Amino acid sequence: LCDWSSDVCSSDLNIYGMNRMKDLFWMAVIVLFAAFSSCSDDKNDGTDEGVEAKLLTFGYYAEDNSSILSDDYIATLSSTTAKVTMPAFIDKSALVARFTTNDGNIVLVDGVTQVSGATANDFTAPVDYIVSNGKQNVKYTITVAKSSNMAWVRMPDFTATSVFSGSVLKINPVDQVPYLGFKLKEEEKMAVIKLVDGTTWTAVGSLEGFGGEVSLSNYDFDIDKDGIPYVVYSDNSATTVAGAASLMKWNGTTWNYVGNQGFVNAQSQQLHLRVLDNGETIVSQVNNSNKVSFPRRVLVMSIYQNSWASSELPLLASGTPIYNCNLAKTEHAAYLLVVNRGAVAGVNYGHSVYEYKNGTWSILLNNYVEPNATQTGIVGLDIEAEENGTLYILTSDDAVTSGVYNLRLKKYDPVTKQWSTVGGNPLPLDFKTSTSTSVAISIAPDGTPFVAYRDEQDQDYPKVIYLDNETKQWSDPHKLADIASSNLNIAFSSTGVGYISFTDDNNHAIVFKYTDK
């Protein structure tokens with residue numbers, strides 16, 4: 001036995017062995033003490049490599065945000081702050097971030113554990129990410145800022161053929177690619193094209209057109225949730241009624257009729273088409289014939305669910321004349337805006353809004369005329385719908401000066417069920433409406449309203465304004481080009497990219513894209 005404090009050991013142990021054992025004993029004590037100290041020392045900063053609480057990378061990837069982003073946006077981490085710049089009108093309310101940390105770190109936002117590439121947060125305001133290693137917590141503040149480098153950029157013109165009376169612009173919800181549907185000027189048939197890789201217009205089908213002869217400019221175009229294009233047109237080739245509506249659908253190889261060619265017993269004008277996510281196809285049209293089963297100028301609604309069913313809109317008295325109409329949709333509902341006469345006693349040329357949902361029509365606005373106005377104008381009519389049921393309608397009225405019609409944008413709140421004028425007044429445009437007025441609205445993913453129009457007081461140049469969400473004021477008009485324009489369209493992809501299309505004096509389709517340069 002040994003007395004380590006006195007270095008005295010029993011004589012039967014080798015002196016060398018005793019010293020060696022003593023050294024090993026103290027080495028073990030030091031190791032244990034160091035280990036105990038590392039676990040209990042409050043001043044430990046956890047900065048050993050692989051242990052430090054640290055955010056290594058951070059970004060937003062299109063793969064994780066398929067319906068919101070079309071590009072990747074990567075943050076440059078500086079200290080404990082990061083700023084990511086995105087196009088101005090991307091919806092930032094539910095972005096999914098992808099990040100990496102040191103091994104063993106956990107990440108929290110408002111106490112909720114974050115999963116890289118899966119957890120969504122509202123980035124309309126800066127978000128604090130807390131990275132923790134169990135002892136050390138580090139706060140990283142992430143800010144998503146609007147790009148200050150946005151511009152309307154001209155896309156390649158489509159000049160392969162002439163467009164008759166304008167085109168209809170739609171964005172494919174699957175790949176966010178812009179499509180145009182139009183009537184061929186020479187062949188008088190329908191055609192559809194798409195912009196491939198932002199550089200080349202390619203025909204969907206044949207550029208010689210498809211279907212029968214299209215009556216005047218009575219046609220519309222839509223794309224369903226699966227990216228399949230549909231076209232409806234007034235078909236002079238229909239054997240039932242000349243000018244009856246025909247609907248055609250692209251099957252990936254050819255265009256085929258949905259139901260019969262000329263599926264409705266009406267001479268279809270002012271045609272509008274929307275395909276809902278449940279597959280219901282909604283077609284609105286105004287009958288222009290006295291020789292069919294419907295009275296002339298009435299609104300006929302046709303709905304396809306394995307077969308066509310057509311009738312006057314049930315919310316209007318039979319025979320009510322309609323002077324203009326337009327149609328919008330969400331995933332599961334359609335919204336119809338009309339200018340009608342006599343739906344309410346003593347009121348002529350008011351406008352109404354109807355909702356179609358779960359097979360039922362309901363009234364959201366009934367033959368309304370602005371206070372001090374004599375009537376609603378029959379030009380400049382448009383409607384857009386957000387997925388939450390918020391509606392925007394564009395109408396014209398003479399509330400300011402009798403007989404002079406100004407364009408007005410109004411908004412419907414589905415919670416309060418109230419209508420309000422957007423911007424507080426008629427639109428700040430220098431011209432009054434006329435029979436040549438061309439105007440359209442679209443709502444960016446972040447809720448910003450845009451209005452594209454032909455400026456009748458400035459050589460018919462195409463212009464656009466938007467309502468600034470911060471100042472609540474309309475922007476100054478932006479001129480797209482020194483080109484006389486007609487038949488303007490505007491649409492936003494779900495990823496915040498805007499497009500405006502119009503036809504020039506040579507009947508060519510011109511498209512501008514709103515993007516981060």
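**Exercise 1. Place Glu-312 in the fold and describe the surroundings of its side chain.**

Step 1. Glu-312 belongs to strand 25, residues 308-312. Strands (E, at least two residues) are DSSP runs, numbered from the N terminus. The model is predicted: local features need pLDDT of at least 70, side-chain atom pairs count only at pLDDT 80 or more, and totals for chains, interfaces and linings use all residues. Residues are numbered from 1 along each chain as its sequence is written, and side-chain values use heavy atoms, with hydrogens and water left out.

Step 2. Glu-312 is buried and has no salt bridge. Buried means under 20% relative accessible area (1.4 Å probe, protein chains only); a salt bridge is a side-chain nitrogen of Lys or Arg within 4 Å of a carboxyl oxygen of Asp or Glu. The nearest side chain of opposite charge is that of Arg-297, 12 Å away. For charge, Lys and Arg count as positive and Asp and Glu as negative, while His and the chain ends are not counted.

Step 3. The side chain of Glu-312 does make a polar contact with the side chain of Ser-318, at 3.0 Å. A polar contact is a pair of N or O atoms within 3.5 Å; within protein, one must be able to donate a hydrogen and the other to accept it, and residues adjacent in sequence count only if both atoms are side-chain atoms. A polar atom of the Glu-312 side chain also lies 3.0 Å from the backbone nitrogen of Gly-319.

Step 4. Beyond four places in sequence, the contacts (heavy atoms within 4.5 Å) of Glu-312 include Phe-294, Pro-295 and Val-298.

**Exercise 2. Is Gly-389 buried or exposed, and which residues does it touch?**

Step 1. Gly-389 sits in the loop between strand 30 (382-385) and strand 31 (391-401).

Step 2. Its relative accessible area is 11%, so Gly-389 is buried.

Step 3. Not counting residues up to four places away in sequence, Gly-389 touches Tyr-335, Tyr-412 and Pro-414.

**Exercise 3. Explain why strand 28 is largely enclosed, and list its pairings.**

Step 1. Strand 28 (residues 350-357) has seven of its eight residues buried, so the rest of the structure largely encloses it.

Step 2. Strand 27 (residues 333-340) runs antiparallel to strand 28 and is joined to it by eight bridges; two strands pair if DSSP finds at least two bridges between them. Leu-337 stands opposite Val-353 in strand 28.

Step 3. Strand 29 (residues 360-368) is also antiparallel to strand 28, with six bridges. His-351 has Tyr-368 in strand 29 as its bridge partner. Two residues separate strands 28 and 29 in a hairpin, where Asn-358 in the turn has a positive phi of about 55°.

How values were computed. Helices (H or I, at least four residues) and strands (E, at least two) are DSSP runs, numbered from the N terminus. Buried means under 20% relative accessible area, exposed over 50%, partly exposed in between (1.4 Å probe, protein chains only).
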